[in-house]
Amino acid sequence: MNDSEPTIIPVLKPRGKFNRDRKINTLLQYQVRHLLDIEHKQLTASHRTGTTLDPTPMSDKELDKYLKSWTEGRAAKYIEQMTVKLHEIHPAREEQTQTMAGAKRVSRATRRAKKKVQAKAQHSRKSGSKKNSKAKSNARPKSKSRST
Amino acid sequence: MPPGLDRLRHIVVLMMENRSFDHMLGSLKATDPRIDGLTGSESNPDTKGATVRVQPKALYQSQLDPDPNHHFPEVDRQIFGGNQSPDRVANMQGFVASYFNEFRNVKHSHLIMNYFPAQKLPVLTTLATQFAVFNGWFASIPGPTVCNRAFAHYGTSFGEVGMNVFYLGKKYPSIYQRMVKAGHTAKIYYYDQASSTLEVVNLVTDEPKVFGTYDQFLADCDSGNLPEYSFIEPNYSDHDAINGEELASDQHPDHNVQAGEVYIAAIYNAIRKNQSLWESTILLIVYDEHGGIYDHVPPPACTPDEFKASSDATGTGREFLFDRLGVRVPAVLVSPWIPKGTVVPGPAGRVPDGRTFDHASIPATVTKFFLGPFDERSPREKAADTFLDLLTLDKVRTDSIIFQTSL
């Protein structure tokens, strides 16, 4: 290899393979499943997307059936909605552009707000598990279910 | 301290999805016998007893559909050939039989033995041969994505062998939390909001401060503002975006492998084109697990984690003590301080001076370099080998490779 001249390696881009209607694979099913769990157990009604079913009362079979109908396009839209929501509700949003070192210098008010949200989330998780431990265990992936 | 380490400021990890070492890099043995790839004689029996040899016939897409099973019980079958006896030995003879169960078609089950000729993967094979390739890098668990990726983030999966991501309140901090606490910088770059991160728990607790997008990664490379540690995720779905159609780049079957090649090239190019960043950065390209696809090297035993998965959780009727690694995956380390053509021998015990790596090696390396001694770590991570000793050159390399993507 000549040190002064870079070696150019051509890489072909795939063409004509885009398919937003492809059924979601099990990796995406689990990503959606976890986000559904967060949406319906941890977010207040005003923060929910309004586009999904609550998985809490569903059996594993029902949830699998529900998710198997999802396409990659639909999953992507939902994941985007949820990612945006999580950005919106996070109290340390103003820290986004800071480095992690910068993030150490969080204001007292932000720390208080963060603690409040964490406490709320913890309370919500605790009460959720007390109210419906069966539903919670149903929300966990079965050992024999397909995974990715 | 070697000059490469002295200059090192950034560690970047790109974790792709679901391909085995032999499937992606096995062909390289033909040109470099030091690489523990395929001779062409490796085989598995099919369900009718016929011998199925490895073949260089892998396609970018539409071949491994349905998705090969890589849940714990099936990986156990793939590794041990279905042998359940107490004194069983890993023989890597169950891949074809396992894939048969997905489609109940004998001919289709043979496709699991296919591998890519090197010329079909110009990006990964070029980086592997120009920099360092690991003969002995394994998935951390013989199981699926989430528990394996957890090892890259936490150095353990906290006893999980499946897809459960709810690690909240667990005893060991993630590598990002460790870095933050010590005043360092770290970030997970996911592709975009429509693909987002698989680190859902971190997304809930630490969003948005430890997260960025692929576009931000490119901008950070350009401006020289890359964090000290970066973990990059590919695009997990075909979806619409402002700039048009985005093709999944994760290489998860049945997503297009070529799209992943383009993605790896873009990550490499982003670092390479900023000379100062290039000289102060290492890039590790690694796959989370094998995705049910054939590899010929039996996973070795490893330091047991302090956790135990119940026989119900494993689905095999046996407990798992996290004392054996998962199937071997491609791992390539890129830096101008690494001699061209470095082959890291492995795994330990298989070859002289062999070394064994798994995803716990990632937080172990980052912690060792940036934080030094750190006790709040799993036994597996504490025992994991690290890889910065591969930066052995006294002078930075001046040769240069650029990937040029074209339509």
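Strand S1 of chain A (residues 7-12) runs parallel to S15(B), and 6 bridges join the two; strands count as paired if DSSP finds at least two bridges between them. Within S15(B), Gln404(B) is the bridge partner of Pro10(A). Elements here are DSSP runs numbered from the N terminus, with helices (H or I) of at least four residues and strands (E) of at least two. The model is predicted, so local features need pLDDT of at least 70 and side-chain atom pairs count only at pLDDT 80 or more, whereas totals for chains, interfaces and linings use all residues. Residues are numbered from 1 along each chain as its sequence is written, and chains are lettered from A and ligands numbered from 1 in the order in which they are written.

In total, 64 residues of chain B are in contact with 54 residues of chain A, contact being a pair of C-beta atoms, placed from the backbone, within 7 Å. On the chain B side, S15(B) gives the largest share, 6 residues. By class, this side has 28 nonpolar, 27 polar and 9 charged residues; Ala, Val, Leu, Ile, Met, Phe, Trp, Tyr, Cys and Pro count as nonpolar, Asp, Glu, Lys and Arg as charged, and the others, Gly among them, as polar.

Chain A itself holds 6 helices and 1 strand, in the order β-α-α-α-α-α-α from the N terminus. Of its 148 residues, 24% count as buried, that is, with 20 or more other C-beta atoms, placed from the backbone, within 10 Å of their own.

In chain B, 8 strands make an open sheet of mixed pairing, ordered S7-S6-S8-S1-S11-S12-S4-S13. Strands S7 (211-213) and S13 (342-344) of chain B stand at the edges with a single partner strand each, so one side of each lacks a neighbour in the sheet. From one strand to the next, the twist averages 20 degrees. S11(B) (residues 281-287) and S12(B) (residues 331-334) pair in the antiparallel sense over 4 bridges, and Leu283(B) stands opposite Val334(B) in S12(B). H6(B) packs on the sheet, touching S4, S11 and S12 of chain B, and its direction makes about 65 degrees with that of S12(B); angles run from 0 to 180 degrees between N-to-C directions, and axes are lines fitted to C-alpha atoms, for helices over the stretch in contact.

Elsewhere in chain B, the axes of H3(B) (72-80) and H4(B) (95-103) come within 7 Å and cross at roughly 145 degrees.

Key
Two residues are in contact if their C-beta atoms, placed from the backbone, lie within 7 Å. A residue is buried if 20 or more other C-beta atoms lie within 10 Å of its own, exposed if 12 or fewer, and partly exposed in between; C-beta atoms are placed from the backbone.
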